[in-house]
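Please look at the sequence and the model together while reading this report. Its parts take the inside of the chain and then its surface.

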Amino acid sequence: HCQCLILSFVELPRGTKYFKAEMSTSINLDFYTGEEAPAYAPPSQASYTQPYAAPPYNPQPYVPMQTYTPQQPAASMGSLDSGPVPASLGFGDEPPLMEELGINFRQIYDKTLAVLHPTKAIGLNLIDDADLAGPLIFCLLFGSCLLASGKVQFGYIYGMALLSCAGMYSILNLMGERPLSVTQTASILGYSLLPMVALSGISILLSLYGFVGLLATALSIGWCTVSAARLFTAAQQMHDQFLLVAYPCSLIYGVFALLTVF
């Protein structure tokens, strides 16, 4: 049994309150005394009563880990120890990139010399060559020179080039015995445009309206005509019809001369 302190309120006349403490022994609280409570045992002592026994030591010899050893490449893959790479796996037998694109600078140089030297003998390789890289370069140079002189004529240049190629292809295949392809026709007409490119370069510095300009224009037309007619007659093997071939060529290059002068 335990004594308990009970607090009660007593009201005073003036309305204030004070606390009155009274001792009461009527409450019975059952508590365990220290002698009756069960003894507390820690879990470490209650659960682990047996001492720790280490596992038996079993010594074993040290075995190193396996290391990676690269395998030698097969002989068919062309390793350093198996000799040279076979030709079927290498790039030695492939042509250069420019030849695959159809650009041969040696042929461009030879055909340009054939145009610049009207009296030089023409080889069969120049006749059968249908290179279009040189004509495209000359057309771009021609239009660039006209642009530098204040004339934007790119559309007229390419339009006239297409019409002249179609016309000369039809005329030469009707006149000659050997067939002539469209690419060969375009290649010959494009390379023969080189003197006209030189005339357009002169027009940047000098005016072509005077006597000197008209003389240079006439020489350029004649040079282009002779070069193209020589190549066409050699390709068609009709040397006795040189003038017949030269006439339409002179008309074509006369139009290009008009674009240059005016």
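The sections below describe a nonpolar core, a surface patch and one further residue.

## About the model

This is a predicted model, in which local features need pLDDT of at least 70 and side-chain atom pairs count only at pLDDT 80 or more, while totals for chains, interfaces and linings use all residues. Residues are numbered from 1 along each chain as its sequence is written, and side-chain values use heavy atoms, with hydrogens and water left out.

## The nonpolar core

A nonpolar core is a set of buried Ala, Val, Leu, Ile, Met, Phe, Trp, Tyr and Cys residues joined through side-chain atoms within 4.5 Å, where buried means under 20% relative accessible area, exposed over 50%, and partly exposed in between (1.4 Å probe, protein chains only). The largest such core has 42 residues, and Met196, Phe232, Tyr253 and Phe256 touch the most other members. Helix α10 (242–261) is among the elements that each supply at least two residues of this core, and α10 gives the most, with nine residues.

## The surface patch

Ile202, Ile204, Leu205 and Leu206 make a nonpolar surface patch of about 400 Å². Ile204 lies in helix α8, which covers residues 194–205; helices are DSSP runs (H or I, at least four residues), numbered from the N terminus. Ile204 counts as partly exposed because its relative accessibility is 38%. Patches are made of residues with over 30% relative accessible area and no salt bridge, with like charges joined within 9 Å and nonpolar side chains (Val, Leu, Ile, Met, Phe, Trp, Tyr) within 5 Å. A salt bridge is a side-chain nitrogen of Lys or Arg within 4 Å of a carboxyl oxygen of Asp or Glu, and accessible areas come from the Shrake-Rupley method with a 1.4 Å probe, for which only the protein chains shown count as cover for residues.

## Val226

Val226, in helix α9 (residues 211–236), is partly exposed, because its relative accessible area is 33%.
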